[in-house]
Amino acid sequence: MTVRKFTRRLAGASLAAFAVLGLSYGSANAADLNALVWCDHSDPNLLKPFEDANGIKVNVKEFEGTGAGIAIVEQSQPGDWDVMVIDSIDVRRGVERGLFEVLADDQLPIADLFPEVVMDQHTKIDGKRYGITEKFGYNTIGFNKAKVDVKDMDSLAALTDPKYKGRVAIYDYYLPVIGMAAMAIGKKTAELTEADLPAIKEQLMKMKANAKAVTDVVASQTALATGEADILVGGGEWVTAGIAKENPDLDFSIPKEGAVLWSQSLAMFKDSKNKDMALKFIQYIMSPEGQARLATSSCYWGMPANSKAALNDEQKKILRFAEQPDFLKRAQGYPAPSEDLDKKMQDVWTEMIQAQ
Amino acid sequence: MSASTNNRIGWASVTPALAWTLVFFVVPFVAMAAASLYTKGGDGLSLANYLQFFYNPSYWRALTNSLEVTAMVTVISVLLAYPFAWILAFIVPERWQRLALMLAVLPFWTSYVVRSYSWLLVLAEKGVINSTLVNIGILSEPIQLANTRAATVIGFVHFFVMLLTLTIFANLKQLSPNYRKAAADLGASPLQSFVHVILPLTLPGVMVGAFLTFVLAIGDYITPQILGGNNELLLPQLIMIQIGRRGDFASASALSIILMAVVSIAYFACARWLKIERA
C-alpha cells in the first residue's frame, strides 16, 4: 500500500466514523425531548409518567448557574434543546440572546399560580411571556432546632450573633445571601445600588466571621444533616424539607426582616424541533400532578408554583404550605442587578470568602 | 525505500498527533487567549481582565493560596511517598510487590468526587477522627478539621502520595543494585550511600512526580471546593465563580491563562534544574 493510499483510507475511515456519530446523535435528538435542567428535574419519579404517557424519552442535562446553562446552549446546534429551567430573574437574559419562544398564557395554568410568584416583571418581556414560574422557595435561615434557640431564628441578627460562632454555614450563592445581608441592614433587595455595597460587605464580613464554611448545595445539606453546622445562611425548605423525615429537627424560619424569594422558571427554546412536545412537557410540569412530583423531587424539595399541586397532607406540612401567604407577604425578590452591579456584587462576595 | 518516501511516512505518522494537538490544544488555547482580551458586555480589546487580577487583592490572593496549598501538598507527598516507594522496592519481597502496588493504587479505583466527600465525612466533627480522639481522651471536644485548608491538603496528599509512589518506585527499581554495593565497598554507611548516591540518582524521578503533583493540584477544583469549605478561594475556584452565574468567559479565560503561565514557569524551572526530559 502506498503512503497516499494509506492516507486516503485513514481519512475515509475518519470521515465515516464522524458520519456515523453524527447520524446517531441526530436521530437521538429528533425522537426525544432534550431538556437543560436543574437536578430536581432528573428524578425518574418526575419524568417517567410523562415519558410513559407520550412514548418518548426525556434526555436531561443538568447545569448550575445561568451563565453555565447559556454557555451550553451557545455551544450547541440550534434545535439541540427543547426546554430549559432557569432562574426567573434570568429569563430576560435568554430572551435578549434570542433563545426563547413565546408561551401562550391560555395554554398554561397562570391563574392557579400563587400570584406573588407569577413574576411577570421577569418572565414577560415586552408583554410576551417567555417563562413560567414552576417552583419557588426561600433563601432564609435553615437550622437544627434541637441545637439552637428557635426564637433567635426570628431575626437575621442571629447570623452574626457570637453565640453561634463556628456553628454557621453560608450557602455559596452571592445573590440571595447579599439579599439577606441587605435585609439585615434594612435595605430592600429590589433597590440595591452600588452605594449600598460597602455596608453590605461589612455585614457579609460579620457573617463570615461567625461562619464555619461557605457551602454549595450538596455541602449545605451535608453540613446540616451531619451536624457540621447548626445554622445555614440562605437555607430554607430546599435544604430541610427533603431530609425532614430522617431529621425532623431541621427547620427554617422567615425572620422578621424577611427572606429572599427564589424561583425557577421553565422556558421553551425558539429553535426547538419538537415544540408541541416541549409545550406538553411544560404543561405536565405545571399540572397538579407534575407540580407535586417536582416539589418533592429527590434532589431538593421546594414549593410548587401551582397552588393546586396534588401534594398530600404530610408533604404540605413539611413544606409549610398553609403558611405561604404570610411567608410570601414578607419575602423580597432576588436582587436583579445590572451587568455592572452584578460583577461588583460578585467581587464583594469573593472578598468575603477570601477574608480570614 | 527512498529518503522522500521515508519523509512522507514520517509525516503521515506524525500528522494525526499534530492535528490532534492543533485542534484540541492550540486552537482552543488561541481562542481562550483571544477571549481573555474582551470584557463581558464591553466592546473592543483590553487588558482589563488581567489588570483586575493584579489590582484586586482577593483575586491575587487566590493565586498565592493556590501556590501555598500546592507547595504544601507537593512537599508532604514527596516526603511520604519516597520512604513508601523505598519500602516497596527494597524491603517488600518481590513476590508481594505486585499485590502491594495494587493496594497502593486502590484509591484510584474510586471516583474522585466520592473520595473527596468521603474525606469530608471522615474529617467532620462527628467523623471517625474526631470521634476516636474524643473517645480515647486526647481531645475534650471535637476540633474543626473539615472545611479547612488542612482538609484540602489531606485530600490532595491521599491522592498524590500514591501517584508519587508509583513514579519513585519505578525509578528505584531501575537503579542497579551495584551502586549501593559499590558505595558500601568504598566504606559508605547505608545513610551516606542513600544521601550521596541513591537520592541524587532518583531525584529526576522525584522531580517528575513532584511536577505532575504540582500541575494536577494547582489546577484542581473538586478537592478544595468540597474539603476546603470555601473558607478561601484557590485559583480554579475563582475561575469557576466567573462562569457559574454570570457566564463571564472573558474573565475566566484571563485567569486560566494566568494559571497556565504559572504551570509553564514551574515546568521550565524544573526542566532546567534537573533535566527532567531525560528522566
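Q: How do you know that the length of helix α5 of chain B fits its number of residues?
A: In this predicted model, helix α5 of chain B runs through residues 112-123. At 1.5 Å a residue, its twelve residues should span 16 Å, and the end C-alpha atoms are 17 Å apart, which agrees.

Q: Which residues of α5(B) are called buried, and what makes them so?
A: They are Ser116(B), Trp119(B), Leu120(B) and Leu123(B). A residue is called buried because 20 or more other C-beta atoms lie within 10 Å of its own.

Q: What covers the buried residues of α5(B)?
A: The cover includes a helix from the other chain, α8 (217-226) of chain A. It also includes α6 (128-135), α7 (149-174) and α10 (222-227) of chain B.

Q: How many residues of chain B are in contact with chain A, and what makes a pair a contact?
A: In chain B, 31 residues are in contact with 29 residues of chain A. A pair counts as a contact because the two C-beta atoms lie within 7 Å. The elements of chain B that give two or more residues to this side are α1 (3-35), α3 (57-91), α5 and α11 (235-244). By kind, the residues on this side of chain B are twelve nonpolar, eleven polar and eight charged.

Q: What makes up the secondary structure of chain B?
A: Chain B has twelve helices and zero strands.

Q: How does the radius of gyration of chain B stand against that of a compact globule?
A: For 279 residues, a compact globule would have a radius of gyration near 19 Å, whereas chain B has 23 Å. The C-alpha atoms of chain B fill a box of roughly 80 × 70 × 30 Å along the principal axes. Of its 279 residues, 32% are buried.

Q: Why is chain A called as compact as a globular protein of its length?
A: Chain A comprises 14 helices and 13 strands. Its radius of gyration is 23 Å, close to the 21 Å that the globule rule gives for 356 residues, so chain A is as compact as a globular protein of that length. Its C-alpha trace spans about 80 × 50 × 45 Å along the principal axes. Buried residues make up 47% of chain A. Among contacts in chain A between residues at least 6 apart in sequence, 76% join residues at least 24 apart.

Q: How do you know that the buried residues of α2(A) share one side of the helix?
A: The buried residues of helix α2 (residues 44-54) of chain A are Leu46(A), Leu47(A) and Phe50(A). They cover an arc of only 75° around the axis, which puts them on the same side of α2(A). Pro44(A), Asn45(A), Lys48(A) and Asp52(A) are exposed on the other side. The buried residues pack against β2 (58-62), α10 (275-286) and α11 (288-295) of chain A. Just after this helix, Gly55(A) takes a positive phi of about 60°.

Q: Why is Arg97(A) called exposed?
A: Arg97(A) has 12 other C-beta atoms within 10 Å, and a residue is exposed if the count is 12 or fewer. Arg97(A) is therefore exposed. Its place is in the loop between α4 (91-96) and α5 (120-123) of chain A. The C-alpha atoms of Arg97(A) and Ile70(A) are separated by 9.2 Å, with the two residues 27 apart along the chain.

Definitions and conventions
Residues are numbered from 1 along each chain as its sequence is written. Chains are lettered from A and ligands numbered from 1 in the order in which they are written. This is a predicted model: local features need pLDDT of at least 70, side-chain atom pairs count only at pLDDT 80 or more; totals for chains, interfaces and linings use all residues. Helices (H or I, at least four residues) and strands (E, at least two) are DSSP runs, numbered from the N terminus. The expected span of a helix is 1.5 Å times one less than its number of residues. Ala, Val, Leu, Ile, Met, Phe, Trp, Tyr, Cys and Pro count as nonpolar, Asp, Glu, Lys and Arg as charged, and the others, Gly among them, as polar. The radius of gyration is taken over C-alpha atoms; the globule rule is 2.2 Å times the number of residues to the power 0.38. The arc is that of the directions from the helix axis to the C-beta atoms.
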